[in-house]
Amino acid sequence: MNTTAKEAAKLAEELKGLMGNFDSESENRVKEISKWFGEHQDEETQKIYHEFMEDGLAEVGVEIADIRKQIKDEDYRLLPISHIAHKYFGKSHAWLSQRINGTPVRGHVYTLSAEQKQVFNHAMEDLAKFYGSFRLA
């Protein structure tokens, strides 16, 4: 493996760790790494990049299938997605829906990061307590 390919492998590993992070520092680093791959077009480097992308797409597919398996269609319709998105994430209904359903956005498929899954689970616990406290007088 040549020096450029070694650097490509190192950057692909770093990129994998950055996926799912939406802070500006992480997003800037992702742009820098993407630019680097765009500037290095040799066969070995591009092979490493394509393998990274294929592996990432496979992982995202598994995550989306797992999330959708846990939320049955009839249950999904009961979730106040807009409320959860606004109150717990400060985002739009579309943002949360895209991550739950694996909808492509500008050519990328996003899922919830581990931290975002914890926030979502916390929202579910809050909603369960809220709805569980309703009683008819």
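Trainee: Which residues does His-40 touch, leaving out those up to four places away in sequence?

Mentor: Thr-4, Thr-45 and Gln-46. The model is predicted. Contact here means heavy atoms within 4.5 Å.

Trainee: Where does His-40 lie?

Mentor: In the loop between helix 2 and helix 3 (43-70). His-40 is also 35 residues from Ala-5 in sequence, with 9.4 Å between their C-alpha atoms.

Trainee: Why is His-40 called partly exposed?

Mentor: Its relative accessibility is 23%. Buried means under 20% and exposed means over 50%. His-40 falls in between, so the label is partly exposed.

Trainee: What makes Thr-45 buried?

Mentor: The relative accessible area of Thr-45 is 0%. The limit is under 20%, so Thr-45 counts as buried. Thr-45 sits in helix 3.

Trainee: Which residues does Thr-45 touch, not counting those up to four places away in sequence?

Mentor: Thr-4, Ala-5, Ala-8, Trp-36, Phe-37 and His-40. Take Lys-6 as well: it is 39 residues from Thr-45 along the chain, and their C-alpha atoms are separated by 8.4 Å.

Trainee: On to charges. How many salt bridges does a search of the whole structure find?

Mentor: The search finds 1 salt bridge. Glu-32 forms a salt bridge with Arg-29.

Trainee: How do you know that Glu-32 and Arg-29 form a salt bridge?

Mentor: Their closest N and O atoms are 2.9 Å apart. The rule asks for a side-chain nitrogen of Lys or Arg within 4 Å of a carboxyl oxygen of Asp or Glu. The pair therefore meets the rule.

Trainee: Why are Glu-32 and Arg-29 separated by about one helical turn?

Mentor: Because they are 3 residues apart in helix 2 (residues 24-39).

Trainee: Are Glu-32 and Arg-29 buried or partly exposed?

Mentor: Glu-32 is partly exposed at 47%. Arg-29 is partly exposed at 27%. The label runs between the 20% and 50% limits.

Trainee: Now helix 5. Which residues in helix 5 (residues 81-89) are buried?

Mentor: Ile-81, Ile-84, Ala-85, Tyr-88 and Phe-89. They cover an arc of only 105° around the axis, so they lie on the same side of helix 5.

Trainee: What comes just after helix 5?

Mentor: Gly-90, with a positive phi of about 65°.

Trainee: How many aromatic pairs does the rule give?

Mentor: The count is 1. The rings of Phe-89 and Trp-95 have their centres 5.2 Å apart. The limit is 6.5 Å, so they pair.

Trainee: Why is the pair of Phe-89 and Trp-95 called tilted?

Mentor: Their planes are at 45°. Stacked needs under 30 degrees and edge-to-face needs over 60.

Trainee: Which residues form the nonpolar patch on the surface?

Mentor: Phe-130, Tyr-131 and Phe-134. Together they have about 360 Å² of accessible area.

Trainee: Where does Thr-103 lie, and what does Thr-103 touch?

Mentor: Thr-103 lies in the loop between helix 6 (93-101) and strand 1 (104-105). Setting aside residues up to four places away in sequence, Thr-103 touches Gln-98, His-108 and Val-109. At 34%, Thr-103 is partly exposed.

Key
Residues numbered from 1 in each chain as written. Predicted model: local features only at pLDDT ≥ 70, side-chain atom pairs only at ≥ 80, totals over all residues. Heavy atoms only, no water. Patch = residues over 30% accessible without salt bridge, like charges linked within 9 Å, V, L, I, M, F, W, Y side chains within 5 Å. Areas by Shrake-Rupley, 256 points an atom, 1.4 Å probe, with all protein chains shown as cover. Buried < 20%, exposed > 50% of the residue type's maximum accessible area, 1.4 Å probe, protein only. Helix = DSSP H or I, 4+ residues; strand = E, 2+ residues; numbered from the N terminus. Arc of directions from axis to C-beta. Phe/Tyr/Trp six-rings, centres within 6.5 Å; stacked < 30°, edge-to-face > 60°.
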